Amino acid sequence: MRQSQLFTKTRKTAPKDEVSKNAQLLIRAGFIHKEMAGVYAYLPLGLRVLEKVKQIVREEMNAIAGQELIMTALQRKELWEKTDRWNDEVVDVWFKSELKAGGEVGFGWSHEEPIGEMMKNFLSSYKDLPVSVYQFQTKLRNELRAKSGVMRGREFVMKDMYSFAADEASHLAYYESTKAAYMNVFRRLGIGDDTFVTFAAGGAFTKFSHEFQTICDAGEDVTYIDRAKGIAINEEVMNGETLERLGAVREDFEKVSTAEVGNIFNFGQQKAEDLGLRIKNSDGQDMPVWMGSYGIGVTRLIGVLVEKFADEKGIVWPRAVAPFTVHLVSITGGNPDVAAEADRVYSLLSESGIEVLYDDRDLRAGEKFSDSDLIGIPKRVIISEKTMAQGGAEVADRATGAAAFVPDSGIIESLVG
Ligand code: ATP
Ligand code: MG
């Protein structure tokens, strides 16, 4: 893509009311637009990142037999009343509205109830199980505080998955397999070493739920980590009883700020019992199915990546989710031959299947470089009179700042792998 065609422009400052580093940088670089507190639009650059994060999550969910679908954002009141979760005292993030034709609807903040209900149409016997379904949904939550940029939206993208099993053993095996799949996602995003499966409150069937907490100064959670044993405990459940259950001792834990990037719940048979989602088991007996739910904060992850990897110059994207792999920057100084050479390299890279943002704008070198630093594309290829005279390009790495001259014949090789 030619940067001269990109309608978004970088800006020197973020809106005054934006206090989070992630949203400030994402807005300044043109990835997102702030509609209001906690509500952000994804512009062309931001959408590319969002889609790449989704694709990584999708591949890992497909690998554990997840089937993708998409539920509705408008939800029925009656359904949530069955589980007493329509109640604002129980769920404090509902957005609700009234139908002109009469009756109330809710805006989906989660989808266990509608998915469980929908599944009644398809599940009648143990032979229909196991099943796992997932979606990427825009969740709407009336969060009280939305000061963490895209890390806490009132409108945000979540991947939520729901599993249905006929017996406890296959249910538990699936629950365990999601932990591994989640860690694959976080490893591919470059935060595997800083993300911990964490014992947390909110277990319905078991004592704990499991959160995936990533070390991040901007995170809203506090987690205790025992690196040697690989145990992490959310502050909410850090107490004598928990330590005893896990065979751990307080002194071994380090206290860190973290962001919850995912959360998985084992409902046992309780959720299906509440919803009336029942099947016939192998003995012909009627029973509620075993259910689990599994969330990943897709847009929160984008914020975490910005917070963790950005430097004083701007965003530094991990390659796996960068909007483009290469930022090709021409420094023509008004020389049309340099522009023609940069055009040639642009075609060469594009034809090799490399995703390139080509800064073909007629601007000073300093401006182009600072924009490039802000946008954070992993590799920069610079074409100038100097590099042309030498028969190649300068190739620089955004994360390390390392730069080197590369002869024309070696450019592609220097960018792949
Ligand atoms: P939190 O404690 O941060 O409010 P939660 O327990 O409400 O999270 P879940 O309902 O389990 O979160 O949602 C699954 C995942 O969605 C979370 O692990 C988190 O990564 C993400 N998430 C939750 N709320 C938000 C939000 N307001 N903005 C962005 N992502 C969110
Ligand atoms: Mg919440």
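Select helix α1 (residues 21-28) and colour Asn-22, Ala-23, Leu-25, Leu-26 and Ile-27, which are buried in this predicted model, where buried means under 20% relative accessible area, exposed over 50% and partly exposed in between (1.4 Å probe, protein chains only). Helices here are DSSP runs of H or I with at least four residues, and strands are runs of E with at least two, each numbered from the N terminus. Now show what surrounds these side chains: the buried residues of α1 pack against β1 (32-36), β2 (39-42), α8 and α10 (365-375), contact being taken as heavy atoms within 4.5 Å. Just after α1, stop at Gly-30, which takes a positive phi of about 85°.

Because the model is predicted, local features need pLDDT of at least 70 and side-chain atom pairs count only at pLDDT 80 or more, whereas totals for chains, interfaces and linings use all residues. Residues are numbered from 1 along each chain as its sequence is written, chains are lettered from A and ligands numbered from 1 in the order in which they are written, and side-chain values use heavy atoms, with hydrogens and water left out.

**Two helices against α8**

The axes of α1 and α8 come within 8 Å and cross at roughly 90°; an axis is a line fitted to C-alpha atoms, for helices over the stretch in contact, and angles run from 0 to 180 degrees between N-to-C directions. The two helices are therefore roughly perpendicular to each other, a description used for angles of 65 to 115 degrees, while under 35 counts as roughly parallel, over 145 as roughly antiparallel and the rest as oblique. To see the contact itself, select Lys-21, Asn-22, Leu-25 and Leu-26 of α1 together with Ile-302, Gly-303, Val-306 and Glu-307 of α8. These contact residues of α1 and α8 divide into four nonpolar, two polar and two charged, where Ala, Val, Leu, Ile, Met, Phe, Trp, Tyr, Cys and Pro count as nonpolar, Asp, Glu, Lys and Arg as charged, and the others, Gly among them, as polar.

On the α2 side select Val-49, Leu-50, Val-53 and Lys-54, and on the α8 side Val-298, Thr-299, Leu-301 and Ile-302, which they meet. The contact of α2 with α8 comprises six nonpolar residues, one polar and one charged.

**Salt bridges**

How many salt bridges does a search of the whole structure find? There are 39, a salt bridge being a side-chain nitrogen of Lys or Arg within 4 Å of a carboxyl oxygen of Asp or Glu.

Begin with Asp-343 and Arg-2, whose closest N and O atoms are 3.5 Å apart. Asp-343 lies in helix α9 (residues 336-351) and Arg-2 in the segment before α1, so this pair ties together parts that are 341 residues apart in sequence. Both ends count as partly exposed, Asp-343 at 29% relative accessibility and Arg-2 at 28%.

Move on to Glu-68 and Arg-58, which meet in a salt bridge at 2.7 Å, N to O. Glu-68 belongs to strand β3 (residues 67-68) and Arg-58 to helix α2, so the parts tied together are ten residues apart in sequence. Glu-68 is partly exposed at 40% relative accessibility, whereas Arg-58 is buried, with a relative accessible area of 18%.

Lys-82 and Glu-117 form another salt bridge, at 3.2 Å, N to O. It links helix α3 (residues 77-82), which holds Lys-82, with helix α4 (residues 112-119), which holds Glu-117, so parts 35 residues apart in sequence are tied together. Finally, select Arg-85, Glu-112, Glu-113 and Lys-271, which are linked in a network of salt bridges.

**Backbone stops in the loops**

Most residues other than glycine have a negative phi, and most peptide bonds are trans. In the loop between α2 and β3, select Ala-65, where phi is near 65°, a positive value. Asp-84, in the loop between α3 and β5 (95-98), has a positive phi near 60° and is partly exposed at 44% relative accessibility. Finish at Pro-130, in the loop between α4 and β7 (131-140), where a cis peptide bond joins Leu-129 and Pro-130, with omega about 5°.
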